[in-house]
Amino acid sequence: LIYRGYGGTSKGLGFKDLLCGLVILTKGTKEEKMKLIFAMYCDESCSYVQKDEMDRRVLETEGQVSSALCSLFKESDQVSYEQFSAWLKQHPDATIISKWLLMESSSLSLSGDHDTPTFYQTLAGVTHLEEREILELEKRYWFLKGLSKTGRFDLDLFKTQVCPPMPEKLCESLFTAFDENCDNHIDFKEMACGISACCRGPSLERQKFCFKVFDADHDLRLSEQEVVAMLENLNVVRRVYNSDATLNLQDLPVIDPHIVAREILSCHDLNKEGSLTLEDYLLWTVNNQLTTDFLELLSQICHIVLGLFPKTKEEEGRIIQHWLERESRKSLEIGQVWYLVSMQWWTMWLDYVCVEQTDTLTRPHKVLKSKHTSVPLSWEEESVIMVGSSRPGPDTSSQAYRSNASTLVPPDGTPSHRPVGYSPKTSRKLGHAGTGKPPAINNNHLLVNPSKYLSLTNEGGRLKRDTVLARGKDFEIVPECIWRALTTWYGGQPALPRTVISTGNGLELELYPICVRIIRHQTPNQKAQSSTYLTSLMNGINGVTTLTRYTHTETRYTQCSKLRLYREDFRLWKIHSKDE
């Protein structure tokens with residue numbers, strides 16, 4: 001029957017018919033399978049199914065005729081496909097073959113276990129990565145590649161992504177270690193293999209990758225000059241990776257790279273050739289804190305920047321914690337961008353990754369709502385665009401009115417961004433073993449209108465002004481790379497980037513950028529224009545966009561470029577309440 005359904009005759013069966021039949025049998029829809037069943041029982045013209053012919057074939061294959069066949073030929077001894085398919089839908093179990101094709105789940109496949117594996121399966125077989133991880137890494141690879149000016153994952157793009165925290169002197173060597181075929185760009189296979197080599201697998205294999213980084217001339221040996229350069233870079237990594245408290249606890253003496261390099265060669269260069277082989281290097285790295293710190297920094301970069309998923313929640317918490325601790329030691333810069341994260345979600349995440357609370361953290365400053373935000377002010381007055389903290393002083397009401405940004409630097413000049421271990425005083429217990437994985441990040445409750453958070457300049461939305469928003473109570477701030485990593489691992493929206501600006505109180509985070517309402521000018525006798533890019537965009541953002549703290553000229557230029565208008569056709573007006 002199957003042979004006949006495929007179109008086979010006494011002269012044989014064509015390859016095309018066989019292939020089509022196999023596809024229908026394994027991957028076909030219900031409608032296609034009903035057509036196949038009709039072809040098994042129909043006459044030579046393929047137009048009708050004759051009662052006598054079908055009874056005969058059913059008897060030959062099944063030994064008995066089902067009572068359901070009587071209803072098929074109740075009105076006539078022959079039926080068309082339309083009649084046959086309507087009957088078959090009501091009686092899919094009328095024959096053994098119809099029951100098999102229409103009712104039972106098919107386990108047939110056109111491929112077998114011994115077939116050629118896919119690219120992802122092959123890559124998973126030669127690395128310490130799972131196929132799922134490779135698929136996620138590919139998404140990040142194409143995202144990063146899209147940031148390149150040349151369209152390739154070249155050295156310039158690599159430096160912008162990994163430096164900092166990677167010292168600039170090591171960036172080119174690290175890039176070369178990933179670029180196995182030395183064609184001056186990293187393809188996806190090289191990125192996946194490099195990540196596997198420096199983050200996964202046994203410690204011995206990870207140290208071999210480090211050897212490639214320090215072997216500048218690729219001769220499989222480390223000369224004295226290369227050992228000196230290695231020690232200089234590892235010492236920089238040690239200071240970057242560890243906090244001041246950790247460095248004080250280690251209490252390592254200040255080293256002279258040239259002296260230490262000669263000592264290493266005298267102890268480990270067994271052949272007295274004036275260089276270290278891979279085996280010599282591996283012996284030197286045993287219980288060596290310098291190379292351990294370098295491997296940990298590489299692991300952080302691969303997870304946060306290159307998109308590798310952490311193996312455990314404890315590893316995830318440790319990676320994020322170290323990254324934020326390092327960011328907290330840096331001085332802030334004007335133009336830096338931080339992302340707001342819902343404190344409710346952040347607290348759930350802290351519980352999930354079981355991060356311990358630290359006592360030596362600076363409590364974040366509150367973000368207070370100005371009491372005078374309804375009064376229109378000039379653009380020079382910060383109350384129009386910012387909400388922030390009021391410092392203690394003789395006239396707190398005046399300072400609350402003037403200081404309207406989230407202060408990131410306390411009076412002593414140290415950054416107040418706390419590492420991940422800090423959380424506000426609540427009744428929760430950190431490290432509770434039963435805490436489940438947090439859902440996707442949801443920042444909508446911070447916004448005035450969550451359904452309209454798009455803006456021309458990508459601030460993500462206007463924050464609420466009718467409630468007092470405080471860092472540590474309503475939101476936490478993280479660097480862009482941390483936000484991108486968290487949304488990759490958990491998902492979430494909307495992104496709420498905010499910029500560090502300079503005010504009279506120091507460097508502060510601009511939570512409320514300038515808000516500009518855009519109105520298209522049209523004379524009364526003009527006909528209504530059809531929807532254009534501008535009108536569609538205006539409808540999408542309700543005619544409002546937000547800007548960071550630009551001058552009048554910069555604001556006008558930004559609006560023109562975003563809306564694709566000529567500057568001479570664009571006017572920017574400041575309206576006081578008396579003019580409204």
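Modeller: A salt bridge is a side-chain nitrogen of Lys or Arg within 4 Å of a carboxyl oxygen of Asp or Glu. This is a predicted model, in which local features need pLDDT of at least 70 and side-chain atom pairs count only at pLDDT 80 or more, while totals for chains, interfaces and linings use all residues. Residues are numbered from 1 along each chain as its sequence is written, and side-chain values use heavy atoms, with hydrogens and water left out.

Of the 580 residues in the chain, 45% are buried, where buried means under 20% relative accessible area, exposed over 50%, and partly exposed in between, with a 1.4 Å probe and protein chains only.

Arg56 forms a salt bridge with Glu53, and their closest N and O atoms are 2.2 Å apart. Helix 4 (residues 51-62) holds both Arg56 and Glu53, which are three residues apart, about one turn of the helix. Arg56 has 39% relative accessibility, so Arg56 counts as partly exposed, and Glu53, at 26%, is therefore partly exposed as well. This pair also belongs to a network of salt bridges that links Glu53, Arg56, Arg57 and Glu60.

The next pair has another setting. Glu133 forms a salt bridge with Arg200, with 2.9 Å between the closest N and O atoms. This pair links distant parts of the chain, since Glu133 is in helix 9 and Arg200 is in the loop between helix 12 (188-199) and helix 13 (203-214), 67 residues away. Glu133 and Arg200 are both buried.

A further pair is Glu480 with Arg484, a salt bridge whose closest N and O atoms are 3.7 Å apart. Glu480 and Arg484 lie together in helix 22 (residues 480-490), four residues apart, again about one turn of the helix. Within this pair, Glu480 has a relative accessible area of 39% and so is partly exposed, whereas Arg484, at 16% relative accessibility, counts as buried.

If we leave aside its neighbours within four places in sequence, Arg140 is in contact (heavy atoms within 4.5 Å) with Ile304, Val305, Leu306, Gly307, Arg484, Ala485 and Thr488. One of these residues, Ile304, has its backbone oxygen 3.5 Å from a polar atom of the Arg140 side chain.

Conventions
A polar contact is a pair of N or O atoms within 3.5 Å; within protein, one must be able to donate a hydrogen and the other to accept it, and residues adjacent in sequence count only if both atoms are side-chain atoms. Helices (H or I, at least four residues) and strands (E, at least two) are DSSP runs, numbered from the N terminus.
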